[in-house]
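Dear colleague,

Please find the structure below, handed over for your own work.

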Amino acid sequence: MLEQISGVAASLFETKGFESVTMELIAAEADVSKRTLYKHFQSKDAVLAYILETELERDMATFELKLKKESTFRGSVSALLEQSAAWCETHPDYLLPFIRHKFATFDPAAERLNRGDIVQTWIMLIAQGQHIGELNNRLPTEQLAIYFHYLYFGALMRWITNRDLKLKNEFDVIVALFIEGAKA
């Protein structure tokens, strides 16, 4: 049911534009009652979040992080952020409603280091950087990962609000800022 609804919604968002699509239109096109639709999704923002999170999970699974014993945080995270910038640039009209939904539904207890979250990837990369002496190991890896995540989010928000910027350049800035601030 979720796949059917989200597939129809994705098609509607693409053809009609996110702002033009209503929950009623999604229900009608998915051939489900509004009650059924609202049972699964509280809003069209929630439908969009489901679509993007599913796509992100699928795309992250295909991205291979080849970490060797000597892999640096800078090299690994820069490669990942380049992929992230390319992904974000293919979804520019959906990112703001997606982020708005994530903030509106944020539950610190439920979200704390969610195992499917990109924070887990930051943890892995930072741990590697700490292991090889590139990053400070006096601070907990998880704490640094959360800090890096908010730098990532800040760069993304800056790009969303100013499309003249290059997202990859914004990500390069946060990597440099983080490494200089967290270096050993």
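Helices, as the term is used here, are DSSP runs of H or I with at least four residues, and strands are runs of E with at least two; both are numbered from the N terminus. The model is a predicted one, in which local features need pLDDT of at least 70 and side-chain atom pairs count only at pLDDT 80 or more, while totals for chains, interfaces and linings use all residues. Residues are numbered from 1 along each chain as its sequence is written, and side-chain values use heavy atoms, with hydrogens and water left out.

Salt bridges

Three salt bridges are present in the structure, the term denoting a side-chain nitrogen of Lys or Arg within 4 Å of a carboxyl oxygen of Asp or Glu. In general, side chains of opposite charge can pair when their charged atoms come close. Accessibility is described in three classes: buried is under 20% relative accessible area, exposed is over 50%, and partly exposed lies in between (1.4 Å probe, protein chains only).

Arg158 is partly exposed, with 46% relative accessibility, whereas Glu170 is buried at 12%.

The remaining salt bridge joins the side chains of Lys102 and Glu53, with an N to O distance of 2.6 Å. Here too the pair links distant parts of the chain, since Lys102 sits in helix α6 (residues 92-104) and Glu53 in helix α4 (residues 44-62), 49 residues apart. Both ends count as partly exposed: Lys102 at 29% relative accessibility and Glu53 at 33%.

A tyrosine in helix α9

Helix α9 also contains Tyr150, which is partly exposed with a relative accessible area of 48%. Between Tyr150 and Tyr50 there are 100 residues in sequence and 22 Å in space, C-alpha to C-alpha.

With kind regards
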